Amino acid sequence: MSKIFTPTNQIRLTNVAIVRMKKGGKRFEIACYKNKVLSWRNKVEKDIDEVLQTHSVFMNVSKGQVAKREDLLAAFATDDQTAVCKLILEKGELQVSERERTEQLDALMKDVANTIAGLCVNPDTKRPYPVSIIEKGLKEVHFTAKAGRNSKQQALEAIPKLKTAMNIDRAQMRVRVSMGTSQWKSISEKVEQMGSLEDKEWNGDNATMTLVIDPGHYRQLDDLIRSETKGKGMLEVLNLKEIQDGEETVE
């Protein structure tokens, strides 16, 4: 039986995500694994072999037509296939079908809603909202997630908009501040201004304070304690949400 040879300038690939770039009057494409392109761009995936199906640059992925060496040199000033793949991966246009685009945006909106549900509560009841209520609120304020952007960052941007449609706020953090009593006298007033004081304790040469703070003040409080105590003080997170007892889980 005679063997069938595939031309050396053709590679057959299936079930791929294509990233395309036009440069020097020619079109260049790379073949990636589905769902990995955005992970790479968001710095979640760092292994290039997990993103690329092959370290080859194509003129047309669908037809398996590999780019010529002279075309790569003319457009990118290098024939290093991996280097060109990384450039296209970073700056090229991800080709997806309309159905895939819709599915990706729906999944992203779900991620945004889940993130908000994990970060926020009803300030009156201290209870987290079900994700379905968050999704309904996002629709009411006409919030649309943008592909290629981090879901948590988009969630933080959506929260102020949600406040115009529903009673929602960032869940508070309960923290404990510990330091020597000699250091305490100089910064206790500044610490108390950053949250709601729940408890103070002195034990010999050590002092502790329990506070409920807005998450946005955490970094500022941490910097204050580090600088004023020269690294001897301690800031501990006791719990990430101020939630009423028995309300930690919402189905």
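Helices here are DSSP runs of H or I with at least four residues, strands are runs of E with at least two, and both are numbered from the N terminus. On that count, the chain has eight helices and eleven strands. This is a predicted model, so to speak: local features need pLDDT of at least 70, side-chain atom pairs count only at pLDDT 80 or more, and totals for chains, interfaces and linings use all residues. Residues are numbered from 1 along each chain as its sequence is written, and side-chain values use heavy atoms, with hydrogens and water left out.

Of the 251 residues, 36% count as buried, meaning under 20% relative accessible area with a 1.4 Å probe and protein chains only. Take contacts (heavy atoms within 4.5 Å) with a separation of 6 or more: 64% of them join residues 24 or more positions apart.

**The cores**

A nonpolar core is a set of buried Ala, Val, Leu, Ile, Met, Phe, Trp, Tyr and Cys residues joined through side-chain atoms within 4.5 Å. The largest one has 23 residues, and Phe28, Cys32, Ile88 and Leu89 touch the most other members.

| Element | Residues |
|---|---|
| Strand 1 | 17–23 |
| Strand 2 | 26–32 |
| Helix 2 | 69–76 |
| Helix 3 | 81–91 |

Helix 1 also supplies at least two, while helix 3 gives the most, with four residues. Leaving out residues up to four places away in sequence, Ile88 touches Val19, Arg20, Met21, Phe28, Ile30, Arg41, Val57 and Phe76. There's also a second, separate core of 20 residues, with Leu108, Ile134, Ala155 and Ala158 among them.

**Asparagine 60**

Asn60 lies in strand 3 (residues 58–60) and is buried, with a relative accessible area of 14%. A polar atom of the Asn60 side chain lies 3.0 Å from the backbone nitrogen of Lys63.

Definitions and conventions: Buried < 20%, exposed > 50% of the residue type's maximum accessible area, 1.4 Å probe, protein only. Polar contact = N/O pair within 3.5 Å; in protein donor to acceptor, adjacent residues only side chain to side chain.
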